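Welcome to this short briefing. Please take a look at the sequence and the structure below, and then we can walk through some of the helices and loops together.

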Amino acid sequence: MTDLSVELTITSILSRGRIGGVIMAGTSPEGIRYIAQCNWKLIPDSSFPSKGQRWHVEGPVEMTKTVIKGFVKHDRQIYAETARILRPSGQNIIAWIAENPNIIGVGHVKARKLYDRFGPDLINLIEQREIPALTTVVTEESAQLICHAFQQHNVGEVLLWLDQMGINRSIGQKVISCYGDQARDKVESNPYLLISFEAKWKIVDGLARNRFGVSENDHRRLEAAVEEALYRGLSKGHTCLPETNLRQAVNRLLLKKDLVDQALALGDSTQYRKVSDRYQPAGTYIIESQVAQRLHEIIEGENASQGSIFQTGAPSHESVESAIEQYEQAQGFELSLEQKQAVQCSVTSKASLILAVREPAKQLS
């Protein structure tokens, strides 16, 4: 067998694996037919490949012989070692539109008319959902189908790319949901952003170091190590970590004291905040800051929608006692001393905190 690197336009899907993996037939730009056998690691989502897509496939190729009803059929079969989908470009957009199963009612004739009308700009018009321009050639329904299919193609392309790098599909979908068609560019510029979507440190760090060439003291890596340590603390119920505890947690990730020193010397970032000698993830910092601000407003007697809480003055101690007595008579039971104190505190104070203290269990003799 010899190794081959080729671009294929998919003409048919011969088999889809139940847990991933696809066998697909396609033709090269020279018109040569190949069968590409891609395992589940290359294509975890076997439903994604479809007719009309363009793929770049690399791997050993050999001639195979199949006997069907007495006829001998020879095929060039590629045992793919790498496989990546390609964006439609140039006149390839014609086949992509015409053969896409999700674009009903637009065949080769209309797809050719679209390309003749707009040329290479057609892809940009589709990507930017320029429906009015496209409807000069096809119906509005067809234009919507084309734009939606192209968007799904882009999403599938990024998900496949993340799949092949070992990123869990659910995490990939969160990244897509956040960044849309810019997801791949965002990850390539800083793979450590995957940490924010609950990706595991070991996987992300290995990806960044080995695939994207991030150095061990790169500021993106150091900042991400602090963020990861804070998230681990948060998972254990700690909304912040003292610097001593954080230093220990970061050291377990970076494994070098000088790198830990550099990481903590970075100061604040968009992912976390430093308050005195404590560090917080940005999310919990914002939440707690807003809660603290609201408590200060309440203590000052401010109501979020009406201004002052006590516009007509606070009720007197006696009036509250009278209200409690009326309630007890109506209900037919008395409140305990602690309950009465709680009512008095809540009604007459701008802000109050009532704690229920559980008594220790009595030991039976």
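The expected span of a helix is 1.5 Å times one less than its number of residues. Helix H12 (residues 282–299) has 18 residues, so at 1.5 Å a residue it should span 26 Å, and the 26 Å between its end C-alpha atoms agrees with that. Please keep in mind that this is a predicted model.

**Helix lengths and what follows them**

- Just after H12 comes Gly301, which takes a positive phi of about 85 degrees.
- Helix H13 (residues 317–331) has 15 residues and reaches 21 Å from its first C-alpha to its last, close to the 21 Å expected at 1.5 Å a residue.
- H13 is followed by Gly332, and the phi of Gly332 is positive too, near 85 degrees.

- Which residues of H13 are buried? They are Val320, Ile324 and Glu328.
- Seen down the axis of H13, these buried residues fall within an arc of 80 degrees, so they line one face of the helix.
- The buried residues of H13 pack against helix H14 (337–348).
- On the other side of H13, Glu318, Gln326, Gln329 and Ala330 are exposed.

**The buried face of H11**

- In helix H11 (257–264), the buried residues are Leu259, Val260, Ala263 and Leu264.
- Looking down the axis of H11, the buried residues fall within an arc of 130 degrees, so they line one face of the helix.
- What do the buried residues of H11 pack against? Their partners are helix H9 (219–235), H10, strand S8 (272–275) and strand S9 (278–281).

**How H1 packs on H2**

- Two packed helices are described by the angle between their axes and the distance between the axes.
- For helix H1 (residues 92–99) and helix H2 (residues 108–118), the angle is about 145 degrees and the axes are 8 Å apart.
- H1 passes H2 in a right-handed crossing.
- On the H1 side, the contact is made by Ile93, Ile94, Ala95, Ile97, Ala98 and Glu99, while H2 brings in His108, Ala111, Arg112, Leu114 and Tyr115.
- Sorted by class, the contact of H1 with H2 has eight nonpolar, one polar and two charged residues.

- Glu198 is a residue other than glycine with a positive phi, near 75 degrees.
- Glu198 sits in the loop between helix H7 (183–189) and helix H8 (201–210).
- Is Glu198 buried or exposed? With a relative accessible area of 62%, Glu198 is exposed, because exposed means over 50%.
- Leu255 is not a glycine either, yet it has a positive phi of about 65 degrees.
- You will find Leu255 in the loop between helix H10 (243–254) and helix H11.
- Leu255 has 66% relative accessibility, so it counts as exposed.

- Asn210 has its place in helix H8.
- At 70% relative accessibility, Asn210 counts as exposed.
- How many residues apart in sequence are Asn210 and Ala143? They are 67 residues apart in sequence, and their C-alpha atoms are 42 Å apart in space.

Conventions
Residues are numbered from 1 along each chain as its sequence is written. This is a predicted model: local features need pLDDT of at least 70, side-chain atom pairs count only at pLDDT 80 or more; totals for chains, interfaces and linings use all residues. Side-chain values use heavy atoms; hydrogens and water are left out. Axes are lines fitted to C-alpha atoms, for helices over the stretch in contact, and angles run from 0 to 180 degrees between N-to-C directions. Helices (H or I, at least four residues) and strands (E, at least two) are DSSP runs, numbered from the N terminus. A crossing is left-handed if the near helix is turned anticlockwise from the far one by less than a right angle, and right-handed if clockwise. Contact means heavy atoms within 4.5 Å. Ala, Val, Leu, Ile, Met, Phe, Trp, Tyr, Cys and Pro count as nonpolar, Asp, Glu, Lys and Arg as charged, and the others, Gly among them, as polar. Buried means under 20% relative accessible area, exposed over 50%, partly exposed in between (1.4 Å probe, protein chains only). The arc is that of the directions from the helix axis to the C-beta atoms.
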